[in-house]
Amino acid sequence: MRPDMYRNNANKYADVHTQSVAEDASPHKLIQLLMAGFLMRVNMAKGAIERKDFQEKSIQISKAVNIIGGLVDGLDFEKGGEISNNLNSLYEYITRRLFSASAENNIEILEEVGNLMKEIKIGWDGMPEVYH
């Protein structure tokens, strides 16, 4: 199997798997899935840059940007107050950095945003689930 066919099949599997898990997930779990998906897309973009597969890099960074959009949509500014505002600012920063990483084919920027998301995810994972 050609490497590009393998990547396409792996991407399709990951999308279907994520969709099926997300359908049964709590809101807390959905945020965890978005964060994990973001990290996966950033890692895939780094690999694409290393392989000089700039079309795949663009696809993965675009998906990462869309995931950030989903995280922003999930912010509750009324209940979350300052924390939501701070996360929104951080998500805006991450989005700007993703665009820079794409324009510059810069793996270091992708590592930076990946590390930022890992820190956010650690905090989120440490919070108990609250059902409404």
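**Notebook: how the helices pack**

I started with α4 and α5, and these two are roughly antiparallel to each other, a label for angles over 145 degrees, where under 35 is roughly parallel, 65 to 115 roughly perpendicular and the rest oblique. Before going on, I noted that this is a predicted model, where local features need pLDDT of at least 70, side-chain atom pairs count only at pLDDT 80 or more, and totals for chains, interfaces and linings use all residues. Residues are numbered from 1 along each chain as its sequence is written, and side-chain values use heavy atoms, with hydrogens and water left out.

**Entry: the α4/α5 pair**

I looked up the geometry behind that label. Helix α4 covers residues 77–104 and helix α5 covers residues 107–125; their axes come within 8 Å and cross at roughly 155 degrees. The axes are lines fitted to C-alpha atoms, for helices over the stretch in contact, and angles run from 0 to 180 degrees between N-to-C directions. I put the crossing down as left-handed, meaning the near helix is turned anticlockwise from the far one by less than a right angle (clockwise would be right-handed).

Next I listed who touches whom, with contact meaning heavy atoms within 4.5 Å. From α4 I have L87, L90, Y91, Y93, I94, R97, L98, S100, A101 and E104, and they meet I109, L110, E112, V113, L116, M117 and I120 of α5. By class that makes 13 nonpolar, one polar and three charged residues. For the classes, Ala, Val, Leu, Ile, Met, Phe, Trp, Tyr, Cys and Pro are nonpolar, Asp, Glu, Lys and Arg are charged, and the others, Gly among them, are polar.

**Entry: L116 up close**

Which residues does L116 contact, leaving aside neighbours within four places in sequence? I found L90, Y93 and I94. L90 and L116 are 26 residues apart along the chain, yet I get 8.7 Å between their C-alpha atoms. L116 has a relative accessible area of 25%, so I marked it partly exposed; buried means under 20%, exposed over 50%, and partly exposed in between (1.4 Å probe, protein chains only).

**Entry: α2 against α5**

Helix α5 also packs on α2 (residues 27–51), at an angle of about 165 degrees with the axes 10 Å apart. So I have α2 and α5 as roughly antiparallel too, and their crossing is left-handed. On the α2 side, the contact includes F38, L39 and V42; on the α5 side, W124 and D125 are among the residues. I counted up the classes as 14 nonpolar, three polar and six charged.

Most residues other than glycine have a negative phi. I found K52 with phi near 60 degrees, a positive value. K52 is in the loop between α2 and α3 (54–73), and at 61% relative accessibility I count K52 as exposed. N105 also has a positive phi, near 50 degrees. N105 sits in the loop between α4 and α5 and is partly exposed at 29% relative accessibility.

**Entry: the whole chain**

How many helices and strands are there in the protein chain? I get five helices and zero strands, these being DSSP runs numbered from the N terminus (helices H or I, at least four residues; strands E, at least two). Of the 132 residues, 33% count as buried. Among contacts between residues at least 6 apart in sequence, 65% join residues at least 24 apart. The chain exposes about 8200 Å², and carbon and sulfur atoms supply 56% of it, by the Shrake-Rupley method with a 1.4 Å probe.
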